[in-house]
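Please look over the sequence and the model shown here before reading the notes that follow. They are grouped by topic.

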Amino acid sequence: MLRFIGNDKSAEIEMRRLWRVCTLSRGVFDEMMPKTPILLPLLLIVVVSLILWLVVSITSTFQAVNLFGGHAGLTEIRLGSDLFFDRGSPQEEGILRLGLYDVLASILRGMFEVVLIICLKLTLLGTYFYVVGRLIQMDTRWGNWFGFACWIYLPMVIASAATTTLLFFSLANISSIVLLSFFRNALVILPVIWSFCIAVQGLRSWTSKDTAFCVRVALVPYTVIGLLYFLP
């Protein structure tokens, strides 16, 4: 019973910490410097990113079926199956199973790539701050800086929703390029700025440097992040 109460209190503390990080609290970084939690922010980033990726993939697949399902391409495939195999025959069932295996393998491969890219980004971000910390004579471990990167990166998950939102707008037959561009830019720029501000607050806490120094340090990775989103 005490174990469950402890777990509930720990979860409540983590959720409060999440709220405080997202509202630009400097004090929460003071608390996290000795021992930086990693699991909660990392799981949130990975899970939300995977959900968004699945939504985009599934919606794109259904859109493709609606566009091409009645055209000659799929009709010829269906007719070809009738010509060579009887409907419901073991051969046809084998082809269907093979197709399902291909789809499942593609989904698993795509999910693995999403997780790999996220972990790579967070590793590079944490390593950058670790190097900066070493240059200014800080003894903070790399693991703490990796956790730091996870916490400050949380708003960036919202930027991943830009693709999903644009996809649904396209399904709704909204043809205004200006409107779509506005939503895309807003959903990318605002989370980047939000995450940047959190990074500055965290750096002020951990490095005890002035705001100008922290802004300069944070500008380097976030300039790269912005360019990666907007460059073709």
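Leaving aside its neighbours within four places in sequence, with which residues is Phe148 in contact? The partners of Phe148 are Phe29, Thr36, Phe129, Ala199, Gly202, Leu203 and Trp206, where contact means heavy atoms within 4.5 Å.

This is a predicted model, in which local features need pLDDT of at least 70 and side-chain atom pairs count only at pLDDT 80 or more, while totals for chains, interfaces and linings use all residues. Residues are numbered from 1 along each chain as its sequence is written, and side-chain values use heavy atoms, with hydrogens and water left out.

**Overall make-up**

- The protein has nine helices and zero strands, where helices (H or I, at least four residues) and strands (E, at least two) are DSSP runs numbered from the N terminus.
- Of its 232 residues, 33% count as buried, a term that means under 20% relative accessible area, with exposed meaning over 50% and partly exposed in between (1.4 Å probe, protein chains only).
- Among contacts between residues at least 6 apart in sequence, 73% join residues at least 24 apart.
- The accessible surface comes to about 14500 Å², and 71% of that surface belongs to carbon and sulfur atoms; such areas come from the Shrake-Rupley method with a 1.4 Å probe, and for residues only the protein chains shown count as cover.

- Helix H6, residues 142-153, has 12 residues and reaches 16 Å from its first C-alpha to its last, close to the 16 Å expected at 1.5 Å a residue, the expected span being 1.5 Å times one less than the number of residues.
- H6 is mostly covered, with 10 of its 12 residues buried, and among them are Trp145, Phe146, Phe148, Trp151 and Ile152.
- The largest nonpolar core has 41 residues, and those with the most contacts inside it are Phe29, Phe129, Phe148, Ile152, Leu203 and Tyr222; a core of this kind is a set of buried Ala, Val, Leu, Ile, Met, Phe, Trp, Tyr and Cys residues joined through side-chain atoms within 4.5 Å.
- The elements that give two or more residues to this core include helix H1 (2-22), helix H5 (90-135), H6 and helix H8 (177-207).

**Salt bridges**

- The whole structure holds three salt bridges, each being a side-chain nitrogen of Lys or Arg within 4 Å of a carboxyl oxygen of Asp or Glu.
- Arg17 and Glu14 meet in one of these salt bridges at 2.9 Å, N to O; because they are three residues apart in helix H1, about one helical turn separates them, and both Arg17 and Glu14 are buried.
- Arg20 forms a salt bridge with Glu31, with the closest N and O atoms 3.0 Å apart. Arg20 lies in helix H1 and Glu31 in helix H2, so this pair ties together parts that are 11 residues apart in sequence.
- Asp139 and Arg134 meet in a salt bridge at 4.0 Å, N to O; Asp139 is exposed, at 71% relative accessible area, whereas Arg134 counts as partly exposed at 44%.

**Loops with positive phi**

- Leu24, in the loop between H1 and H2, has a positive phi of about 65° although it is not a glycine.
- Ser208, in the loop between H8 and H9, is a residue other than glycine with a positive phi near 60°, and Ser208 is exposed, with a relative accessible area of 61%.
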